[in-house]
Amino acid sequence: MEQINQKHQEDLQRLRGFRLLDDDFLTKCFEGDTVSIELVLQIVLEKPDLKVLDVRTQVFVENLLNRSVRLDILATDSTGAKLNVEVQRSDKGAGRKRARYNSSMMDANLLKKGEGFDKLPETWVIFITENDVMGKGLPLYPIERCFLGTGERFEDGSHILYVNGAYRGDTPIGKLMHDFSCTDAADMYYETLADRVRFFKESKEGIEIMCRAMEDMRNQTLKEGMINVAKKMLEDGTITLEKIAEFVGLSVDEVRKLKTDQDI
């Protein structure tokens, strides 16, 4: 019991330090909340009339043959455009080829069999980064395909945008990035975002939700560690599936599936 209480106190301390720049906290705050993501998108895309119809968080986009991706936020606006928002504190996690891959994975999963390519919706991959990863001091870095000879846009409906989380200023984007860095809702400019942060940090219900989420993350990390151990044991080739399952705490069926995946 004492160990459980200590873990709970550690979770409460972590929760107090969370900001919207922490992706796990962001996705929980924006889960099912079209109003908050709509505000963010209106500001970063400079489209005050943009309307969000649907928002999902931690969206797993599967690639059966190669690397899959998990999107922090995937929103759909009133025009049918799909908007992926990623928060990255690490510069490495916001690499240009990561943006390209996210864009390609979205495209690959947006058309049903038999649909024409003209049905492909407009897509946005938006990285909100803690640091100025482009290093030019600008608040926004829009990336578009264009004709090199004339500079005209190619207009294929695919867009990438980097948002400089370090930018400050008395502008909507400057105030938004200030709010993304706040640990206290009372210090935030935008009441819409402050209300969500206040709920998850100050209300009994919100705190319970976040504490359960942190416990789930710990369990998931533990299971991923056991899966990696199981894979190493399978590579050995001399240990039975039953022994591996017993050692790592997985079911025999789970270990058998790992072996099947390795053999493909």
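Searching the whole structure, a predicted model, turns up four aromatic pairs (Phe, Tyr or six-membered Trp rings with centres within 6.5 Å; planes under 30 degrees apart are stacked, over 60 edge-to-face, the rest tilted). Phe127 and Tyr162 make up a stacked pair, at 5.4 Å centre to centre and with 15° between the planes. Phe127 belongs to strand E4 (residues 123–129) and Tyr162 to strand E6 (residues 158–164), so this pair ties together parts 35 residues apart in sequence (strands, E, of at least two residues and helices, H or I, of at least four are DSSP runs numbered from the N terminus). Phe127 and Tyr162 are both buried, that is, under 20% relative accessible area with a 1.4 Å probe, protein chains only.

Then there are the charges over rings (NZ of Lys or CZ of Arg within 6 Å of the ring centre and within 35 degrees of the ring normal). Lys175 sits over the face of Tyr189, 5.4 Å from the ring centre, and Lys201 over that of Phe25, at 5.6 Å.

On the helical side, H7 (residues 204–236) packs on H8 (residues 241–248) at about 155°, with the axes 10 Å apart; axes are lines fitted to C-alpha atoms over the stretch in contact, and angles run from 0 to 180 degrees between N-to-C directions. That makes H7 roughly antiparallel to H8 (over 145 degrees). Met226, Val229, Ala230, Met233 and Leu234 of H7 meet Leu241, Ile244, Phe247 and Val248 of H8, contact being heavy atoms within 4.5 Å.

Numbering starts from 1 along each chain as its sequence is written, and side-chain values use heavy atoms, leaving out hydrogens and water. Local features need pLDDT of at least 70 and side-chain atom pairs 80 or more, while totals for chains, interfaces and linings use all residues.

Methods: Buried means under 20% relative accessible area, exposed over 50%, partly exposed in between (1.4 Å probe, protein chains only). Angles under 35 degrees count as roughly parallel, over 145 as roughly antiparallel, 65 to 115 as roughly perpendicular and the rest as oblique.
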